[in-house]
Amino acid sequence: MGAGRPNDPGPDMPPPALYRMGRAGRRAGPPLPPPRRSARLLLRLTPEHIALFRFLLEAYDNLAYFTVLERRTALLKLVFSPQRERAIRRALSEMARSLPFTVEDWPLPDLSLPPRPADRA
């Protein structure tokens, strides 16, 4: 570190803007509207792999968060922005190389649709 400023990378390192991982050359588009609902997926893995899954998920800049629904069977609910679904699926496919798990769609119906009328017998 340089002596002048505490966060100065020093004379041999490029400025921080030049070595940001994955952001070079990418242009920011217009801001996306906020989603009305979060997207969800179910994950099944062995209970001893939950900590490793958390570690790997945090490595993807907290793209999503999860809740353990069933501890003994390691059923996880993964929650993320629906606008980031492609990125989360890509991250999950990369994580699957290091960790065995299965991904399932969230079983709840889309609540934004009006309910169907009940059949009368």
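On the face of helix 1 turned away from its buried side lie the exposed residues Ala51, Phe55 and Ala59. In this predicted model, helix 1 spans residues 50-59, and its buried residues include Ile50, Phe53, Leu56 and Leu57. These four residues lie on the same side of helix 1 because they cover an arc of only 125° around the axis. The cover over the buried residues of helix 1 includes strand 1 (39-45), strand 2 (65-70), strand 3 (75-80) and helix 2 (85-95). Asp61, which follows helix 1, has a positive phi, near 55°.

Three salt bridges are present in the structure. One of them joins the side chains of Glu104 and Arg44, with an N to O distance of 2.8 Å. This pair links distant parts of the chain, as Glu104 belongs to strand 4 (residues 101-105) and Arg44 to strand 1, 60 residues apart. Glu104 is partly exposed, at a relative accessible area of 30%, and Arg44 is likewise partly exposed, at 35%.

Glu85, Arg89 and Asp105 are linked in a network of salt bridges. Within helix 2, the side chains of Glu85 and Arg89 meet at 3.1 Å, N to O; the two residues are four positions apart and therefore separated by about one helical turn. Glu85 has a relative accessible area of 31% and is partly exposed. The side chain of Arg89 also forms a salt bridge with that of Asp105 (3.5 Å, N to O). Arg89 is partly exposed at 34% relative accessibility, whereas Asp105 is exposed, with a relative accessible area of 56%.

How values were computed: Residues numbered from 1 in each chain as written. Predicted model: local features only at pLDDT ≥ 70, side-chain atom pairs only at ≥ 80, totals over all residues. Heavy atoms only, no water. Buried < 20%, exposed > 50% of the residue type's maximum accessible area, 1.4 Å probe, protein only. Arc of directions from axis to C-beta. Contact = heavy atoms within 4.5 Å. Salt bridge = Lys/Arg side-chain N within 4 Å of Asp/Glu carboxyl O.
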